[in-house]
Amino acid sequence: VEFEQKPNGKWGTKPGSTERLMRWAKKDLENDVSIILFPEGTIVLDYELGKFKPGFFKLAIETDTPVVPIGTWGNQFIWPMLSKSVPSKNMSSGTSYVKVGTPMEPLNPSELEGMSDALAITDYVVDKYNLSQEEAEFKDLEIAIAAVADAGKDSEETDEESELLKKSVVSLFTELVRTKVLTLRLDCEEMLAKDEEKRVKDDEKSNEYYADLIQKAVDQGKEVLSM
């Protein structure tokens, strides 16, 4: 993607740049070339997972390409950002945790055509993507499901309404992937917490060991002096 500075001083993509990128990406997918992307499309400073841009998920549906969700945690501590465009000059040592999820088949609009009941759509995606109860209750996912249900009520009446269903399904698939990434990310946080707990316990044992050695050395010194 090519960027340029806008009249207001902010930076944005050059006209036509995103479309060209998507054409290249589509060609790669058709040639079985995997694409790794960070769908937030920006840097988030508060460590929360941002909203995903839908472009590549629309492309995944169009090319019938599975999406593999990946959760990461720890990079933000190794190389912190001072702002959205300025990384810290200092990169520290640390551990980056990565967990790879199960490939997710694209959600095709035809699968949900005619579905206007949010509960039926929820049951369908829960079964298709093996969602946990906690995942199914994610607020953003519930909102995306409700949008598909609303679009499905009159999806066959006009081309405009049919297009609305397609867009809402893209948004739903995007949110489904984001939901899985959130879960994987939480798993990574738990791995870090367990490792940190183990490190603290190991440090405590190590401190006790060296404290015992020092005490023995002190006791032996006292014995020598008392002779």
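**Entry 1: helix α2.** I began with the buried residues of helix α2 (residues 55-62), and they are F57, L59, A60 and I61. Buried means under 20% relative accessible area, exposed over 50%, and partly exposed in between, with a 1.4 Å probe and protein chains only. Helices (H or I, at least four residues) and strands (E, at least two) are DSSP runs, numbered from the N terminus.

**Housekeeping.** This is a predicted model, in which local features need pLDDT of at least 70 and side-chain atom pairs count only at pLDDT 80 or more, while totals for chains, interfaces and linings use all residues. Residues are numbered from 1 along each chain as its sequence is written, and side-chain values use heavy atoms, with hydrogens and water left out.

**Entry 2: aromatic pairs.** How many aromatic pairs does a search of the whole structure find? I got 3. The rings of F57 and F173 have centres 6.2 Å apart and planes at 80 degrees, so I noted this pair as edge-to-face. F57 sits in helix α2 and F173 in helix α8 (residues 159-226), so the pair ties together parts 116 residues apart in sequence. Both F57 and F173 are buried. For Y129 and F173, the ring centres are 6.3 Å apart and the planes are at 40 degrees, so that pair is tilted. Y129 belongs to helix α5 (residues 118-129) and F173 to helix α8, so to speak a link between distant parts of the chain, 44 residues apart. My cut-offs: rings of Phe, Tyr and Trp (its six-membered ring) pair if their centres lie within 6.5 Å; planes under 30 degrees apart count as stacked, over 60 as edge-to-face and the rest as tilted. Ring pairs link F52, F57, Y129 and F173 into a cluster. Y129 is buried, with a relative accessible area of 7%, and F173 is buried at 0%.

**Entry 3: T179.** I stayed in helix α8, where T179 lies. Is T179 buried or exposed? T179 counts as buried because its relative accessibility is 0%. Leaving out residues up to four places away in sequence, T179 touches E135, F138 and L141; contact means heavy atoms within 4.5 Å.

**Entry 4: two positive phi values.** Most residues other than glycine have a negative phi, and I wanted to see the exceptions here. Just after α2, D64 takes a positive phi of about 55 degrees. D64 is placed in the loop between α2 and β3, and D64 is exposed, with a relative accessible area of 55%. N130, also not a glycine, has a positive phi of about 50 degrees. N130 lies in the loop between α5 and α6 (133-136) and counts as exposed at 63% relative accessibility.

Entry 5: Which residues make up the covered face of strand β3 (residues 70-73)? I found G71 and W73 on the covered face, with I70 and T72 on the uncovered one. β3 and β4 pair in the antiparallel sense over 4 bridges; two strands pair if DSSP finds at least two bridges between them. The bridge partner of I70 in β4 is V100. V100 lies in strand β4 (residues 97-100) and is exposed, with a relative accessible area of 55%.

**Entry 6: a surface patch.** I70 and V100 came up again here: together with V68 and V98 they form a nonpolar patch on the surface, with about 330 Å² of accessible area together. Patches are made of residues with over 30% relative accessible area and no salt bridge, where like charges are joined within 9 Å and nonpolar side chains (Val, Leu, Ile, Met, Phe, Trp, Tyr) within 5 Å. A salt bridge is a side-chain nitrogen of Lys or Arg within 4 Å of a carboxyl oxygen of Asp or Glu. Accessible areas come from the Shrake-Rupley method with a 1.4 Å probe, and for residues only the protein chains shown count as cover.
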